[in-house]
Each structure stands twice: as C-alpha cells, then as structure tokens.
Amino acid sequence: MTDAAEAGPFDGMLKPAIDDDSRPFWEACDRGELRIQRCAACGVRRMPPRPLCPHCRSFETAWDVMSGRATVWSVLVAHPPLLPAYGDQAPYNVVVVALDDDPSIRLVGNVVAAGDAPLDSIDPHTVEIGDAVTVAFRRLADDVALPVWVPA
Amino acid sequence: MRDATAIVGIGNTEYAKALDRPEKVLALEAILAALDDAGIDPADVDGLASYTMEGTEEIEIARNLGCRAVTWFGQVGYGGGAGCGVVGNAAMAVASGQCDVAVAWRSRKRGAAASRPWAGVRDRVGGNQQWSRPWGLLRPVDEIAMLTRRYLHEYGGSREHLCNVAMAARGHANRNPAATMHAKPMTRDDYFAARWISEPLCLFDNCLETDGAGAVVIVRADRARDCRTRPAYVHSWAQSIPLDHQTMTNFFTDDPLRGPAWDCAAKLWAGADVGPDDVDVAQLYDAFSPLVLLSLEGYGFCGRGEAPGFTEDGGIALGGRLPVNTSGGGMSEAYVHGFNLIIEAVRQVRGTSTAQVPDAEVSLVTSGEGVPTSALLLVRR
C-alpha cells in the first residue's frame with residue numbers, strides 16, 4: 001500500500017464513492033435529473049439518503065424529480081491550502097442551497113457560470129445568501145455528473 | 001454519579017509544532033506524569049479510556065505501564081467531540097466499580113496520517129463526505145465556515161466577535177509559559193491582517209497544529225481524598241447526538257445552528273446541582289473561533305444570537321463575565337483534540353492556572369461543537 005504522504009496529495013477532482021444509499025441520486029444526476037429521496041409511506045423527503053424513514057420507520061422509498069430551482073442558504077470562499085485540483089481554481093465559492101420545491105432539503109454545491117465551467121468562473125464574492133440559482137450538471141467521470149448551480 | 005468520582009492526576013508533554021518522539025511515547029509520558037501527579041503506582045491502573053482516533057492501542061499502554069490487570073477499557077468516537085466523553089465514560093466505569101483507577105489520554109502528532117484532513121484521499125470519497133467533498137468543501141475549516149456565514153447572516157454578528165474569541169485566547173496564552181503562543185502577543189490589527197483560509201474565517205480563527213499529549217487519572221471520591229492533589233470532582237457529564245445530525249457537515253437538519261451542544265447541555269444541567277449562572281470558568285472547544293459562540297449559546301450562558309455581544313468588552317477574558325479558554329485553548333495553547341482544555345479545567349478547580357479565576361469552584365469543559373459532543377462539569381468540594 002502506498003503511503004499517502006509519500007505519494008503527495010491526490011491531484012484530481014474528488015468524486016463520490018457511490019453506495020447503496022446514494023446510487024439513485026447519482027444515477028439520476030447522470031441522466032440530468034435532480035431527484036430527492038422521499039418516504040413512500042409518509043411522504044417526508046430526506047437528505048442525505050438513507051434506508052429507513054426517521055419519521056415513520058418505513059423502508060419504502062421513492063425518488064422525486066425536483067424543479068432544479070434553489071436559494072443560496074450559505075456560502076464560503078475557499079483559499080489555499082487545498083488539494084491541487086481545487087487550489088488551482090481558488091478562491092472559489094462553495095454554497096449550501098435550499099431547494100425551492102422543498103426548503104427542508106439542502107445540498108452542498110458551487111455557483112458557477114455554466115455546468116461545464118470551472119469553480120472560479122464566477123467572482124466568489126458576488127455570491128450572497130438568498131441568491132436564486134438553477135441546477136446544472138458538471139461531468140466528472142463516466143458515472144458522475146455533479147449537480148452545480150448557475151444564477152437564475 | 002454526582003461527585004462520585006474525581007480527577008486526581010493531570011499530565012501533559014510539552015506542546016510544539018514538531019516533537020521527535022512517536023505518539024506512543026508521548027502518550028506514555030503524559031500518563032506517567034498524570035499518575036505521578038496523583039501519587040498512584042502505574043501498576044494499579046485498571047481502566048483505560050481513549051478516542052477512537054487514538055493511534056496507540058490499550059494493550060500498548062497496558063504492557064508499557066506494567067498494569068497488573070486492566071478490567072475496563074473503552075473508546076469514544078467523533079474526533080474532537082470525544083474528549084469529555086472519554087473522561088466521562090471512565091468516570092462512569094470507576095463509579096460503577098468496573099475499575100478503580102482509570103486513565104484517559106490523547107496523544108496526537110500533526111504529521112501523523114490520521115491527523116491530516118486529506119491524507120489518503122484518492123479520487124473517490126464515500127459515506128457522508130460524498131455530499132460535500134466533491135464540491136471543494138474539503139477541510140474542517142470549510143465545514144465550519146459554512147455554518148459561520150449563516151450564523152452571522154441570521155444574528156448580525158461580525159468578524160469583530162470572532163476576533164474577540166481569538167484575542168481572549170491569545171491573552172490567556174501570553175500568561176501561560178507552556179502555551180505555544182506564550183511569547184507571541186496579538187493585536188486586533190494582526191487578526192484583521194491575517195490571510196483568509198475559508199471566508200469568513202481567517203488564519204487566526206483556526207486552532208493550532210500541535211504535537212503533544214495529555215492524560216488524566218480518575219478514581220472514586222473516597223480514594224480521591226487520599227491523593228496528593230486537590231480533587232476535581234466529576235459533578236456531571238453528558239454526551240449528545242441530536243436529531244438528524246451529520247458530523248461536521250451538519251447542514252441538513254432543520255436547524256443547523258442549534259448544534260449538539262444544546263442536547264448535551266440539557267443532559268449536563270439535569271445531572272447537576274448548579275446551572276450556567278454558577279459556572280466560574282469555562283473551557284469551550286475551539287478548533288475554530290465560531291465554535292465558542294455556538295457553545296456559549298448551547299450551554300446556556302446567553303440566548304440564541306447573543307453570543308457575539310457576550311464576547312464584547314472583555315466578556316470572555318480573565319476578569320470578564322465568563323473567562324473562557326484560560327490556558328489559551330486550542331487556538332493559542334495547543335490543539336490536542338481538546339484534551340488540554342480538560343487539563344486546564346482541572347487546574348482552575350485546583351487554583352493553579354496561569355490565568356486563575358479567583359476561588360473558582362465550578363469549572364465547565366466542553367468538547368467539539370458541530371460533531372457528536374460531550375461536556376464535563378468539575379467542582380471543588
């Protein structure tokens with residue numbers, strides 16, 4: 001096994017290790033859809049996805065397509081030291097957005113100029129809490145399209 | 001188990017950016033110092049409590065110390081949230097008779113693989129981190145910066161208040177010869193001139209990176225009276241995982257600014273004869289300055305959104321409303337996953353702090369906010 005310190009930091013963009021709980025989310029993103037898990041019994045949505053509804057304890061789930069409209073809930077501006085692939089794009093914004101369809105659902109993301117634009121494609125200091133944004137997708141791997149956000 | 005046990009020994013290594021001994025040796029040095037402080041033979045240690053992130057296993061401690069028979073051992077998870085829970089679990093084991101002499105410790109080197117936020121990170125990130133890391137929310141400081149921006153937005157605090165936290169800690173460190181920042185005074189101008197790390201947090205909103213170790217010894221109250229030192233009685237302790245909590249990236253719950261401290265505090269005060277108004281001095285976990293604001297509110301020292309004002313006019317400095325992090329804390333003494341805060345809380349009860357609160361009788365110490373957490377209320381009797 002290679003020692004991480006000797007090998008130096010990983011120099012690519014990080015991708016999700018898709019698991020049983022998250023697979024429907026990432027497969028939807030791969031098709032260009034934003035889907036959020038909902039309890040098929042009591043109807044309450046939840047994020048991050050998990051097997052059991054914490055409200056009614058049902059294992060039955062469904063995945064709702066969201067409109068892709070959201071509002072910035074919080075924002076930071078990241079500066080180095082960062083992993084190389086991220087440091088190259090710094091300073092950049094990271095946001096938490098609340099979905100307009102269901103504001104109880106929040107997602108981490110970036111506000112960017114377009115789905116295929118880099119993290120620093122927007123001046124990070126122009127992103128404010130309350131900004132309206134719309135989902136786009138950034139292709140990171142054959143099986144990963146990351147939901148990101150463009151100004152509405 | 002109110003006052004049924006006491007911390008009777010404290011010990012720590014020196015704190016520095018880089019120490020040459022391995023974590024195991026640092027752990028043993030701290031534990032030996034704590035046992036010597038208590039006047040207890042290492043062979044008598046029969047309980048061992050540690051963090052799940054601890055690099056040295058119990059069997060290593062036991063066979064190096066020459067413990068005759070360890071009859072209880074346990075660990076607590078969630079990094080900086082563990083500390084007070086490690087001590088609390090040890091106290092519970094002593095109180096229930098599973099062991100008679102428990103040692104709790106933390107040894108940490110910044111160069112150790114487990115201490116680096118992205119050590120071993122390769123291409124794919126799993127579990128909860130898949131919902132944050134790919135977007136460049138990479139470091140603990142980013143996770144807390146996100147909550148901080150929302151906090152300042154909702155409550156109207158400013159960086160001036162984060163600066164108050166950093167300045168109070170530094171002022172206390174300047175009185176503490178063992179503190180990493182002992183000889184480095186800081187001005188408000190220094191704070192505002194520092195480089196950004198993750199806006200709204202700058203370099204001085206972050207804790208130190210430290211090599212070092214600390215340990216405490218816990219025994220029953222009847223035995224405590226025979227030890228060398230003035231006992232710091234474990235009056236109450238608590239842990240909490242609140243509803244729908246996600247460690248560090250706690251953005252998904254209904255009310256992310258009501259962190260784990262709130263439920264931990266409710267349990268802590270329910271088990272105590274005293275309340276927040278009776279606390280003389282507090283060590284509030286400060287991996288990042290905003291955690292102190294969240295903890296002031298969570299543990300009931302002020303209302304929601306009132307922590308910024310609480311820090312004004314020297315409110316958390318020695319001589320203020322509630323002196324906080326009187327050794328310099330994680331930001332200016334050492335960052336040993338909060339274990340140095342526990343040691344300082346004991347010193348305050350003993351009357352031996354370098355920033356001593358006169359006649360301190362009730363001493364609070366908390367572990368990491370924003371993660372499954374814990375707290376410990378120590379008293380003098």
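At what angle do the axes of helix H1 (residues 23-38) and helix H2 (residues 58-65) of chain B cross? They cross at roughly 55° and come within 11 Å of each other. This is a predicted model, in which local features need pLDDT of at least 70, side-chain atom pairs count only at pLDDT 80 or more, and totals for chains, interfaces and linings use all residues. Residues are numbered from 1 along each chain as its sequence is written, while chains are lettered from A and ligands numbered from 1 in the order in which they are written.

**Helix pair in chain B**

- Helices (H or I, at least four residues) and strands (E, at least two) are DSSP runs, numbered from the N terminus.
- Axes are lines fitted to C-alpha atoms, for helices over the stretch in contact, and angles run from 0 to 180 degrees between N-to-C directions.
- H1(B) and H2(B) are therefore oblique to each other (under 35 degrees counts as roughly parallel, over 145 as roughly antiparallel, 65 to 115 as roughly perpendicular and the rest as oblique).
- Lys24(B), Ala27(B), Leu28(B) and Ile31(B) of H1(B) make the contact with Glu60(B), Ile61(B), Asn64(B) and Leu65(B) of H2(B); contact requires C-beta atoms, placed from the backbone, within 7 Å.
- Five of these contact residues are nonpolar, one is polar and two are charged (Ala, Val, Leu, Ile, Met, Phe, Trp, Tyr, Cys and Pro count as nonpolar, Asp, Glu, Lys and Arg as charged, and the others, Gly among them, as polar).

**Sheet in chain B**

- Nine strands form an open sheet of mixed pairing, ordered S3-S2-S4-S8-S1-S9-S12-S11-S10; strands pair if DSSP finds at least two bridges between them.
- Strands S3 (72-76) and S10 (281-283) of chain B each have a single partner strand at the edges, so one side of each lacks a neighbour in the sheet.
- From one strand to the next, the twist averages 25°.
- Strands S4 (residues 102-108) and S8 (residues 212-220) of chain B run antiparallel and are joined by seven bridges.
- Arg106(B) stands opposite Gly214(B) in S8(B).

**Chain A**

- Three strands of chain A form an open antiparallel sheet in the order S3-S2-S4.
- Two bridges join strand S2 (residues 35-39) of chain A to S3(A), where Arg45(A) is the bridge partner of Arg38(A).
- Chain A is assigned domain 1 (17-65) and domain 2 (67-152), with bounds from an automatic or database domain assignment.
- The centres of these two domains of chain A, taken over C-alpha atoms, are separated by 21 Å.
- Nine residues of domain 1 of chain A contact twelve residues of domain 2 of chain A.

Definitions and conventions: Two residues are in contact if their C-beta atoms, placed from the backbone, lie within 7 Å.
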